[in-house]
Amino acid sequence: MNGHDWHLPQRVRALTRRRRRFLLGAAGCFGLVFAATLCVGLEDSGHLIWMANGILLAYLLLVPRWTWPRYFSAAFVAEFAAGVAVNPDRWAAYLALTALNLVESGIAAFLLRRRSAVLPRFTDRRYLTRFLWSAAAVAPFVAGSIFAVVYAVGFKAEGLVALRAWMVTDGLGNAIAAPACVVLLRTGLREHVAWRSHWLFAVALVALTVASFCQAIIPLVFLIYPLMTLILVCFGLGWSALATVFITVVSGWCTLHGLGPFARVLWFRPAGPMVLLQLYIACGVFMLFVVATVLDDLRNTQRKLASTVALHQLVVENSRDVIILADFDGHRNFVSTAAWTMGGWRPSDVVRYQSLALVHPDDQARVTVLVGELRSGKTTSALIECRVRKSDGQYVWVESSLRVVTDAVTQKPVGILNMVRDIARRKAADEALHKAYHALETLAATDPLTRLANRRRLDQYLGSEWHRARRDRKPLSFLLLDVDFFKSYNDLYGHLPGDHCLKRLAEIISGSATRPGDLVARFGGEEFALVLPNTPQEGALEVARQLCERIRSCRIPHTGNALGYLTVSIGCATTVPAEGQYPRNLIQQADDALYAAKRNGRDQAGCAPARQPANAAAG
């Protein structure tokens, strides 16, 4: 038995489980669509909440695209069978209506999920907007238009009325059913819920829903929205989606039987009450996802703040230096726990003393002068060695690093940050602090994927070189490089190979920056930038051409490119900075040259006309 035979049973079992999962999913889709269609009926859906399309759309948004035919087949059989079960004589009409419903769901699914890896994200504002536009407007309009034309021609009736009924019924049904089913199918109600603390809210929602729609005297329906929001906060999005389904079922049944506040609506009879009810529920679903979006943002912010606080607390509590924050009058606001290690002081004891109270009398004059300079603004930081008193009355030599603290809003000095350390450990602590600062600075200025300078570093460097070139009246060149057809590269090979390709390009481009003053940076996405100080237009264009040739010679495979391998297009711009010009003007010139190179066939370097100062040109 060879090595491949050993893994064969495991692969067979995995394939069997995968097929079973898809069959169960298709069966679940069949059951839900059949039940939804049977409850509503294909012909009278204009007066009810049509949820079958929303259920099918939810499945299509969650399963791989290659399994869509199975779900379309299951939904088709379910809708048609449910319609025939209600009225067998109308099978031909039900066949046409079922086909139109599948067309509507297919259009919405295609618009929302053009790639199989994209999953619905209703807590994302842009996705939620796109969902409402695609599933509640475009798809129902297309299917409804076909239905309206057939209805107007076949029955000599007004097509606009049929179109309006179709769009309202299906659009609101999709807006209600699809998000709720997506959440239920994805979460499976697995969120951790403290039922002992919050069970009363669930009971209150059930009671309030029944009380709101079984009578129309007391307007309790307006209390459901706040309670739905409370359910979302306490139970999570999955349980709030289930609550929405419960409210939809109860309200739909009551309104259909003439109960509740919406049943008394007199306009647009007989569909008016159900249309108004659908709007009410759709607004509730939209509200839930908007609140869920805000809650997710809030939780992410809280996690980041908690992580930042924990990090700062970890640094402060484990720092050997005593960290002191005080105002200019010497009143301490914060003292770190290292005061106990260094001087035997509890932080609360040190806070009671003014800043100079623990300083040796012979050193107080120097410290007073230094604090005065910090207060007056002559300097913002200082370093001084002095002696401070320990809790046992002895003095120890320390190095005190002082820095002015400014208000984050007014930018006015409000106090002094004092970092106190034992001089005996100064060198080791200085080296560690320098390494930590350098690592943080490098991390903030480096692109994590390519290890090149990031956009922030690029903007800083270009700004400083711009001022230098304007002062010295030297040319400054900027190259903007873009990978040709990189989107198709990701689509063909995947994002991980795409990232590997960007890393390799970064190495190639870095080799073209031979001078110490040249900077290579990742501009964004598949775009790179080169800053070439003191470089005329001819030199910049030659660098760009050599770079195109070097990448071309690597023959990186790319079947999405007509040449069969990866190529780049480069835009070059050169200027001698003058008053009234800014670095963004140079970037825009390079960008225009880049798009000119793309329009001319790609795999080449385009050059913007060199800009000279007005007085230089006159000379």
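**The aromatic rings and beyond**

Guide: Phe486 and Tyr489 are both buried, a word that stands for under 20% relative accessible area, with exposed meaning over 50% and partly exposed anything in between (1.4 Å probe, protein chains only). This is a predicted model, where local features need pLDDT of at least 70 and side-chain atom pairs count only at pLDDT 80 or more, while totals for chains, interfaces and linings use all residues. Residues are numbered from 1 along each chain as its sequence is written, and side-chain values use heavy atoms, without hydrogens and water.

Phe486 and Tyr489 are three residues apart in helix α16 (residues 486-493), so about one helical turn separates them. Helices here are DSSP runs of H or I with at least four residues, strands are runs of E with at least two, and both are numbered from the N terminus. Together with Tyr493, Phe486 and Tyr489 make up one aromatic cluster.

Now for the ring geometry. Rings of Phe, Tyr and Trp (its six-membered ring) pair if their centres lie within 6.5 Å; planes under 30 degrees apart are stacked, over 60 edge-to-face, and the rest tilted. That rule gives seven aromatic pairs. One of them is the edge-to-face pair of Trp345 and Tyr353, at 5.5 Å centre to centre and 70 degrees between the planes. Trp345 has a relative accessible area of 10% and is therefore buried, whereas Tyr353 is partly exposed at 29%.

A charge sits over a ring if NZ of Lys or CZ of Arg is within 6 Å of the ring centre and within 35 degrees of the ring normal. Arg584 lies over the face of Tyr582, 4.7 Å from the ring centre, and the charged end of Arg65 is placed over Trp68 at 5.2 Å from the centre of its ring.

What else is around? Ser512 belongs to the loop between α17 (495-510) and β7 (519-524). Its relative accessibility is 13%, so Ser512 is buried. Leaving aside residues up to four places away in sequence, Ser512 touches Val543, Leu547 and Arg550, where a contact means heavy atoms within 4.5 Å.

There is also an open sheet of five strands, ordered β2-β1-β5-β4-β3 with antiparallel pairing; two strands pair if DSSP finds at least two bridges between them. The edges are β2 (332-335) and β3 (381-389), each with a single partner strand, so one side of each lacks a neighbour in the sheet. From one strand to the next, the twist averages 25 degrees. Strand β1 (residues 322-326) is joined to β2 by three bridges, and Leu325 stands opposite Phe334 in β2. Strands β3 and β4 pair over nine bridges, with Arg389 partnered by Tyr395 in β4. Five residues lie between β3 and β4 in their hairpin, and Gly393 in the turn has a positive phi of about 95 degrees. Helix α13 (residues 364-376) lies across β3, β4 (395-406) and β5 (413-422), at about 150 degrees to β3; axes are lines fitted to C-alpha atoms, for helices over the stretch in contact, and angles run from 0 to 180 degrees between N-to-C directions.
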